[in-house]
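Please keep the sequence and the structure in view while reading.

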Amino acid sequence: MKIEGLLPVGSVVMLKEGTHRVMIIGYCQRLVNEPEKLYDYVGCLFPEGFLNAERNFLFNREQIDQVFHFGYQSEGQMAYVEKIENAILKLRQE
């Protein structure tokens, strides 16, 4: 599935080769031990929600296989996502 732009926080997706749904809880993440890698999203298990930091998932839009639910969208959210998209593009060019 090709995703154009970032999905809103609260969106529920299935990742390729995944067995459990994931809810998007944030954007533009890096691992401390792999700072050169940049991920579009951070997510948690759905419907469980945030359990602890070790149970979060970092992933990119091309890893999404299916979207089950789109999170809440508003003008403020769309403006924020536009800023994040620009930041991700800039960071990946560095």
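## Charged and aromatic side chains

Arg 92 has a relative accessible area of 41%, so Arg 92 counts as partly exposed. The model under discussion is predicted.

Arg 92 takes part in a salt bridge with Asp 40, in which the closest N and O atoms are 3.1 Å apart. Because Arg 92 belongs to helix α1 and Asp 40 to strand β3, this pair ties together parts that are 52 residues apart in sequence.

A search of the whole structure finds 4 salt bridges. The table presents three of them, including the one just described.

| Salt bridge | N to O distance | Location of the partners |
|---|---|---|
| Arg 92 and Asp 40 | 3.1 Å | helix α1 and strand β3 |
| Arg 61 and Asp 40 | 3.0 Å | loop between β4 and β5, and strand β3 |
| Glu 85 and Arg 61 | 3.1 Å | helix α1, and loop between β4 and β5 |

Arg 61 lies in the loop between β4 (57-59) and β5 (64-69). Is this residue, Arg 61, buried or exposed? The relative accessible area of Arg 61 is 15%, and the limit for a buried residue is under 20%, so Arg 61 is buried. Glu 85, at 16% relative accessibility, likewise counts as buried. Through shared partners, the salt bridges join Asp 40, Arg 61, Glu 85 and Arg 92 into one network. Beyond its neighbours within four places in sequence, Arg 61 is in contact with several residues, among them Ile 3, Leu 6, Tyr 41 and Ile 88.

The aromatic residues come next. The structure holds 3 aromatic pairs. In one of them, the ring centres of Tyr 27 and Tyr 41 are 6.1 Å apart and the planes stand at 45°, so the pair is tilted. Tyr 27 is in strand β2 (residues 22-31) and Tyr 41 in strand β3 (residues 34-45), 14 residues apart. Both residues are buried: Tyr 27 has a relative accessible area of 8%, and Tyr 41 one of 0%.

Tyr 27 also forms a tilted pair with Tyr 80, with 6.2 Å from centre to centre and 50° between the planes. This pair links strand β2 to helix α1 (residues 75-93), across 53 residues. Tyr 80, at 45% relative accessibility, counts as partly exposed. Ring pairs link Tyr 27, Tyr 41, Phe 59 and Tyr 80 into a cluster.

Finally, a charged residue also meets a ring: Arg 21 lies over the face of Phe 68, 3.5 Å from the ring centre.

How values were computed:
Residues numbered from 1 in each chain as written. Predicted model: local features only at pLDDT ≥ 70, side-chain atom pairs only at ≥ 80, totals over all residues. Heavy atoms only, no water. Helix = DSSP H or I, 4+ residues; strand = E, 2+ residues; numbered from the N terminus. Buried < 20%, exposed > 50% of the residue type's maximum accessible area, 1.4 Å probe, protein only. Contact = heavy atoms within 4.5 Å. Phe/Tyr/Trp six-rings, centres within 6.5 Å; stacked < 30°, edge-to-face > 60°. Lys NZ or Arg CZ within 6 Å of the ring centre and 35° of its normal. Salt bridge = Lys/Arg side-chain N within 4 Å of Asp/Glu carboxyl O.
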